[in-house]
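Have the sequence and the 3D view ready as you read.

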Amino acid sequence: MAAATSSSSPPTPQRSSSVERTKGPTGLEKIVLREARGWSAEVHLYGGQVTSWKNDHGDELLFVSSKAIFKPPKAIRGGIPICFPQFGTQGNLEKHGFARNRFWAIDDNPPPFPVNTAIKTFADLILKPSEEDLKVWPHSFEFRLRVALAPGGDLILTSRIRNTNIDGRTFSFTFAYHTYLSVSDISEIRVEGLETLDYFDNLNEKERFTEQGDAIVFEAEVDKIYLDAPSKIAIIDHEKKRTYVLRKDGLPDTVVWNPWDKKSKNMQDLGDEEYKHMLCVEPAAVEKLITLKPGEEWKGRMELSAVPSSYCSGQLDPEKVLQGLEF
Ligand code: BG6
């Protein structure tokens with residue numbers, strides 16, 4: 001039966017989806033995506049970085065530090081920085097690579113994308129190396145990023161990286177979507193889907209351990225690389241009655257990071273107490289390099305949903321998750 005409309009109640013405003021190009025307070029260009037039910041997202045051309053994802057009540061779901069510096073060459077502290085062509089620190093390349101502090105361009109004519117046709121709200125960006133980049137990482141590439149808002153608000157990031165070397169050389173890289181989630185209080189958060197996995201502990205000389213126990217909870221600094229993590233992970237925020245569900249494809253590992261109090265104090269672009277309100281859960285390809293021959297393309301996808309917390313813990317039995325791949 002169709003719902004009756006009282007003649008005295010105000011008409012529900014009709015919203016439509018939109019994609020708008022604008023500038024932030026420091027002049028950096030960004031694209032604002034709005035979907036019909038009122039969810040929105042923002043992506044900066046600087047870093048190709050998503051810096052906002054809001055639900056239909058206007059609540060911010062990603063953490064961006066109040067001290068974030070929206071000015072090159074510093075990467076923006078928060079949102080979803082992209083780590084490429086490396087995650088972490090190796091060799092001469094800067095930490096977490098250079099993609100997060102380069103200016104990306106709008107990709108006006110991306111090659112066909114096998115996408116869900118229901119998704120109409122998206123932005124396509126592209127990064128190609130500059131002469132300076134080629135000096136530190138001597139490979140030609142095209143990195144295409146699509147940031148999409150699905151009907152209903154899910155945030156979907158798809159990266160396509162192609163080797164465009166013309167001299168026959170392969171290249172290898174590591175990668176992460178360094179996702180900063182906004183949480184009510186880090187000590188109240190549970191992460192499900194990583195229990196029982198092996199991880200490398202960055203705080204323990206990168207030694208390999210096996211996770212024990214039920215779910216991951218937080219009582220101190222954490223910096224772990226979980227290996228072969230399931231394609232679906234839940235981050236449960238009881239206080240906010242919200243669960244983030246993170247799905248990933250093409251990204252075998254998952255990094256979990258929170259700097260806690262001491263490290264935060266040494267970070268210029270993070271407030272001393274802000275670590276309490278953030279958690280980084282980062283779909284990544286870290287432990288096995290991705291190698292591309294000339295002409296080859298790699299794809300890595302992440303989908304984030306924010307659902308009311310009636311979503312029960314225990315639903316993410318790793319066995320069931322592994323069977324129920326949804327990509
Ligand atoms: C995490 C790493 O992904 O990023 C940490 O695992 C690192 O080791 C953190 O400290 C933040 O890095 P940055 O360069 O953004 O300060």
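## The second largest pocket

Lining the second largest pocket are Trp39, Asn55, Asp56, His57, Asp59, Lys240, Lys241, Arg242, Ala306, Val307 and Pro308. On a 1 Å grid over the protein atoms alone, a pocket is an open set of points where a 1.4 Å probe fits, with protein on both sides within 12 Å along at least five of seven lines; lining residues have an atom within 4 Å of a point. Strand E20 (residues 297–308) gives the largest share of this lining, three residues.

## About the model

This is a predicted model, in which local features need pLDDT of at least 70, side-chain atom pairs count only at pLDDT 80 or more, and totals for chains, interfaces and linings use all residues. Residues are numbered from 1 along each chain as its sequence is written, and side-chain values use heavy atoms, leaving out hydrogens and water.

## The ligand and its surroundings

Where does the ligand sit? The ligand sits in the largest pocket (more than half of its atoms lie within 2 Å of the pocket's grid points). Around the ligand are Arg77, Phe87, Lys95, His96, Arg100, His178, Asn202, Asp223, Val255, Trp257 and Glu282, each with a heavy atom within 4 Å of it.

Look for the polar contacts here (pairs of N or O atoms within 3.5 Å). An N or O atom in the side chain of Arg77 is 3.0 Å from a ligand oxygen. For Arg100, the distance from a side-chain N or O atom to a ligand oxygen is 2.9 Å. Glu282 has a polar side-chain atom 2.9 Å from an oxygen of the ligand.

Note on methods:
Polar contact = N/O pair within 3.5 Å; in protein donor to acceptor, adjacent residues only side chain to side chain. Helix = DSSP H or I, 4+ residues; strand = E, 2+ residues; numbered from the N terminus.
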